[in-house]
Amino acid sequence: MLIKSEDVLKSIGNKIKVARLSKKYTQEYVAENIDISTDLLRSIENGRNIGSLPTLLNICNFLHISPNKLFEDLLTFKDDTLDSTLISYIDELSGVSKDVLKKIIIHIDKNYNNI
């Protein structure tokens with residue numbers, strides 16, 4: 001299946017919007033912090049524009065979303081790594097479970113780092 005430009009724009013825009021909303025940021029707040037216009041961010045989120053590569057990377061950095069996450073729905077080939085497997089499991093956890101997992105990881109890192 002060939003990927004169409006409109007599919008890329010919609011998929012990336014939606015992921016950015018979801019990431020922004022999950023942090024409860026307004027479009028204005030994000031745009032101001034990455035030095036773009038609110039109109040450009042709105043256009044990206046609505047799947048009409050993608051902006052420049054630096055803009056896309058600034059959005060990723062500001063919203064803490066991996067470029068891999070932005071493109072994952074568009075790829076038919078996915079490289080399963082330990083990191084990607086763990087991330088998929090973590091994504092399914094509740095907020096409380098994520099907090100417990102974080103404490104476990106910190107405990108392991110502090111107490112078993114030299115093994």
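**View 1. Who lines the largest pocket.** Nine charged residues, seven polar ones and six nonpolar ones make up the lining of the largest pocket. What you're looking at is a predicted model, and the volume of this pocket comes out at about 740 Å³. The lining counts 22 residues in total, and those nearest the pocket's centre are Asn 68, Lys 69, Glu 72, Ser 84 and Ile 87. Two elements each hand two or more residues to this lining: helix H5 (67–71) and helix H6 (82–91).

**View 2. Inside the largest nonpolar core.** Here we've moved to a set of 16 residues, the largest nonpolar core. Ile 16, Leu 41, Ile 59, Leu 63 and Leu 70 have the most contacts inside this core. Helices H1 (5–22), H2 (27–33), H3 (38–45) and H4 (53–63) each give two or more residues to the core. H4 supplies the largest share, five residues.

**View 3. Helix H4 and its neighbours.** Zooming in on H4, the buried residues are Thr 55, Leu 56, Ile 59, Cys 60, Phe 62 and Leu 63. Those buried residues pack against H1, H2, H3 and H5.

**View 4. Leu 63 up close.** Leave out residues up to four places away in sequence, and Leu 63 touches Ile 16, Ala 19, Arg 20, Lys 23, Tyr 25 and Val 30. Leu 63 is also one of the buried residues of H4, and both Leu 63 and its partner Ile 16 are among the residues with the most contacts inside the largest nonpolar core.

Note on methods: Residues are numbered from 1 along each chain as its sequence is written. This is a predicted model: local features need pLDDT of at least 70, side-chain atom pairs count only at pLDDT 80 or more; totals for chains, interfaces and linings use all residues. Side-chain values use heavy atoms; hydrogens and water are left out. On a 1 Å grid over the protein atoms alone, a cavity is a set of points where a 1.4 Å probe fits but cannot get out, and a pocket is an open set with protein on both sides within 12 Å along at least five of seven lines; lining residues have an atom within 4 Å of a point. Grid points are joined across faces, edges and corners, and a volume is the space filled by probe spheres set on the points. Helices (H or I, at least four residues) and strands (E, at least two) are DSSP runs, numbered from the N terminus. Ala, Val, Leu, Ile, Met, Phe, Trp, Tyr, Cys and Pro count as nonpolar, Asp, Glu, Lys and Arg as charged, and the others, Gly among them, as polar. A nonpolar core is a set of buried Ala, Val, Leu, Ile, Met, Phe, Trp, Tyr and Cys residues joined through side-chain atoms within 4.5 Å. Buried means under 20% relative accessible area, exposed over 50%, partly exposed in between (1.4 Å probe, protein chains only). Contact means heavy atoms within 4.5 Å.
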